[in-house]
Amino acid sequence: MESLDRGRRATGLGLAALALAGGLTACSGSSGGGDGDTASAGASQAAAGGGTYTIWDPYPQFDDSSDWVKLLTQCGTQAGVTVKRTGYDTTDLTNKALLAAQQGNSPDVLIVDNPVVSTLAEAGVLTSTDETKIDTSAVSPNLLAAGQIGGKTYGIPIGANTLALYYNKEVLKKAGVEADGIKDWASLTAALEKVKAAGKKGITFSAIGTEEGSFQFLPWFWGSGANLTKLDSPQGVAALSLWADWVKKGYAPNSVINNTQTTSWQEFATGDFAFGENGTWQLANAKKAGFDYGIIPIPAKDGGTAPAPTGGEFVTIPAQKDAARYATTQKLVTCLASTDNSLNTTTTLSYIAPTEAVQAKQVEQNPELKVWVEAVKAAKGRTSDNLGTKYPKISEPMWKAMQAALSGSQPPQEALTAAQGTAASATQ
Amino acid sequence: MRAGPRSKPARTSPSRGRQTKESMKHATQTPAAPTADDGREPAPAGAAGGALRRIVRRPGQRAPGKSAPGKSAAGQWTAWAFLAPVVIYLLAFYAYPLYRNVDLSLRNYTVRSFVQGDAPFTGLANYAKAVGDATFGPALWHTVVFTLVSLAFQFTIGLALAVFFTRHFRLSATLRALFLVPWLLPLIVSSSTWSWMLNSDSGVVNAVLHAFGIGPVNWLTSPDWSLWSVTIANIWIGIPFNLVVLYSGLQAIPSHIHEAAALDGASGWQRFWRVTFPLLRPVSAITLLLGLVYTLKVFDIIWIMTKGGPSDASTTLATWSYRLGFGNLLPSFGPGAAVGNLLIVIALVSGLVYIRVQRRQALA
């Protein structure tokens with residue numbers, strides 16, 4: 001019995017040893033990957049010449065047969081190099097990029113969510129567009145601002161998306177509400193009241209306790225005229241009170257406190273809701289929803305379009321030990337951002353283009369995008385106004401205040417005063 | 001413990017000498033009688049000393065002359081070779097990450113210094129910051145409530161089911177297997193299912209409550225209920241583990257003890273409290289200890305169901321640590337690591353206290 005046991009134990013140890021050895025080889029394989037792969041790929045691609053350039057993006061949904069990856073390959077061929085692309089989950093990518101920079105094996109091109117650009121730039125991971133000679137002159141200034149700190153630009157937007165209000169035409173018709181008549185907060189709240197009286201549900205949004213919640217709250221916060229540097233201004237309190245009152249009066253369901261933008265969309269897609277606050281990326285799903293829908297921009301408090309936060313990624317060039325690589329990388333990035341390719345890319349990603357020229361072409365192809373183009377023009381980067389890495393320290397107290405007010409544990413004024421205290425001490 | 005190895009060779013080698021002499025008489029009596037030995041204990045050098053040196057010698061040193069030491073050195077090498085994988089494994093996957101985590105918690109990391117690797121050493125500043133944070137008190141309290149309530153219910157229900165399944169009836173094995181399903185499901189599946197069931201407007205739980213005329217409860221979105229909701233989900237997920245371990249513990253209790261108790265006129269209730277429960281104590285102890293360690297660090301269920309919200313009402317130390325490190329656009333690794341280490345210390349201390357209490361009870 002004992003010897004049998006011992007035999008088993010030895011086998012176990014042997015297995016552990018094997019696993020360890022396997023792990024080590026795997027590690028050395030990947031850490032040496034930078035040079036080794038370049039060498040081998042370079043040999044096989046002798047005709048093309050230039051070696052292998054790595055690209056990381058947050059679009060794991062696209063595989064090698066997708067238009068996106070085909071475009072990357074094509075840009076590589078034009079620049080005379082082989083492109084090795086890896087798609088990561090977007091929440092994963094920031095930490096992956098930081099770790100890679102720590103280990104000194106950053107990718108040549110990194111495509112990241114726009115509020116992350118300033119964080120990575122401050123960490124010294126990214127090169128500025130002056131260094132790498134990327135031309136950003138055609139890009140709309142309000143979109144470029146998310147990637148600027150201290151007068152320098154750290155990337156070029158690949159496309160933008162933002163938020164607007166989807167509405168269900170049938171529900172509004174039953175309630176006797178004209179979508180065109182919604183111009184400010186008062187007319188929107190009046191519409192919600194009518195919808196509720198007609199036995200339907202008013203509006204759904206996402207107020208979850210993460211960055212997603214802040215993203216959805218910002219159009220209302222900015223639309224009231226409030227500024228992120230002072231969360232508890234009367235305007236800020238007015239914005240939070242608007243949401244809290246909607247939940248209290250039942251115009252918005254209680255579930256918004258836990259809704260992600262996806263779950264919020266699922267609620268809207270049931271067909272019971274009059275309005276849903278959501279982004280450009282849901283357009284394809286809206287067509288499948290099985291009811292007539294329309295889109296209006298999010299109204300500001302006293303009329304006009306509220307500035308919504310910009311979503312979408314920046315193409316950035318992480319710092320490399322070998323500065324000679326930048327010349328080729330610059331060709332790759334310029335190719336991705338060129339007018340012709342931009343139209344393809346933004347269509348593939350369901351984004352609005354970052355330049356006016358391409359925006360005009362998009363609307364020409366698909367008039368439905370007009371409202372989105374206008375929303376993007378009014379939009380504002382979260383890290384703009386030179387907030388940079390201060391933004392995350394403000395955003396977290398803000399979403400906490402939002403949750404406290406919506407769940408009824410604190411009145412809006414009190415919640416925002418506490419949040420302002422936390423934000424002020426964190427950003428000092 | 002030094003005395004052990006020293007006295008042993010001293011005892012065996014003289015006995016070996018005697019064994020050759022007296023082998024005819026005492027063929028079966030290998031170890032010498034202690035009385036005979038005690039007199040020879042201080043016996044100088046000679047055979048005893050050689051044996052002692054041979055056994056204490058490190059594998060690198062070579063013993064002079066004899067063939068036996070050579071053999072044992074090779075044996076030692078083999079032993080080390082077998083030991084090496086697990087030692088390397090422990091160092092690479094336990095000691096080093098733990099060291100890194102402690103190091104991380106003692107430095108002031110910003111994203112810049114994380115990349116450059118030049119974060120200044122700040123001693124316990126991250127710990128002071130974590131403990132002084134307004135989130136710390138509530139998070140600690142939520143951790144305690146979540147753990148204790150989960151353990152109490154998981155254990156009680158698990159034990160009740162285990163006792164139930166000791167009676168054999170038709171389909172009992174099938175039914176028992178069905179009870180294991182929560183354990184087999186990936187946590188993301190069970191947590192998502194719970195969060196759908198507990199949805200305020202469209203969840204099945206509120207629909208049932210509504211049928212009984214009870215108004216909608218905001219399970220996940222009210223600060224009064226969210227901690228209870230995640231605890232309930234965690235209890236459900238933890239029952240199978242308790243059931244399985246306690247059931248096998250019950251199998252190990254000989255049935256004749258129950259029969260004897262029954263013959264002596266003990267009622268079913270008495271048999272449980274006076275016979276089953278005390279005999280199950282060692283198994284209960286390990287179940288609760290493992291449950292304690294598992295429950296303290298539960299993260300996924302809470303993160304999927306409430307993200308620790310609304311406004312931190314269901315934040316435990318585990319979810320807080322994650323949020324500090326990864327849940328924000330700007331990671332603060334130092335405080336995140338500090339909270340993580342505090343959690344390790346809490347698990348360690350409560351584990352030790354628990355074992356000590358158990359041992360004292362067992363002695364009493």
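Predicted model: local features only at pLDDT ≥ 70, side-chain atom pairs only at ≥ 80, totals over all residues.
**View 1. Helix α18 of chain B, residues 333–363.** This helix has 31 residues. From its first C-alpha to its last, α18(B) reaches 45 Å, close to the 45 Å expected at 1.5 Å a residue. Buried residues in α18(B) include Phe333(B), Gly334(B), Pro335(B) and Gly336(B). Ala337(B), Ala338(B), Val339(B) and Gly340(B) are also buried, as are Asn341(B), Leu342(B) and Leu343(B).

**View 2. The crossing of helices α3 and α15 in chain A.** Two packed helices are described by the angle between their axes and the distance between the axes. Here the axes of α3(A), residues 67–79, and α15(A), residues 339–349, come within 9 Å and cross at roughly 155 degrees. Angles over 145 degrees count as roughly antiparallel, and α3(A) and α15(A) are therefore roughly antiparallel to each other. Their crossing is left-handed. From α3(A), Asp67(A), Trp68(A) and Leu71(A) meet Asn341(A), Asn344(A), Thr345(A) and Thr348(A) of α15(A). By class, this contact of α3(A) with α15(A) has two nonpolar, four polar and one charged residues.

**View 3. The contact between chain A and chain B.** Chain A provides 34 residues to the contact and chain B provides 32 residues. On the side of chain A that touches chain B, the elements giving two or more residues are α1 (2–31), α4 (90–103), α5 (114–122) and α18 (391–406) of chain A. Of these, α18(A) gives the most, with six residues. The residues on this side of chain A divide into 16 nonpolar, 13 polar and five charged.

Terms used: Residues numbered from 1 in each chain as written. Chains lettered and ligands numbered in written order. Helix = DSSP H or I, 4+ residues; strand = E, 2+ residues; numbered from the N terminus. Expected span 1.5 Å × (residues − 1). Buried ≥ 20, exposed ≤ 12 C-beta atoms within 10 Å, placed from the backbone. Axes fitted to C-alpha atoms, helices over the stretch in contact; angles between N-to-C directions. Parallel < 35°, antiparallel > 145°, perpendicular 65-115°, else oblique. Left-handed = near helix turned anticlockwise from the far one by under 90°. Contact = placed C-beta atoms within 7 Å. Nonpolar A, V, L, I, M, F, W, Y, C, P; charged D, E, K, R; others polar.
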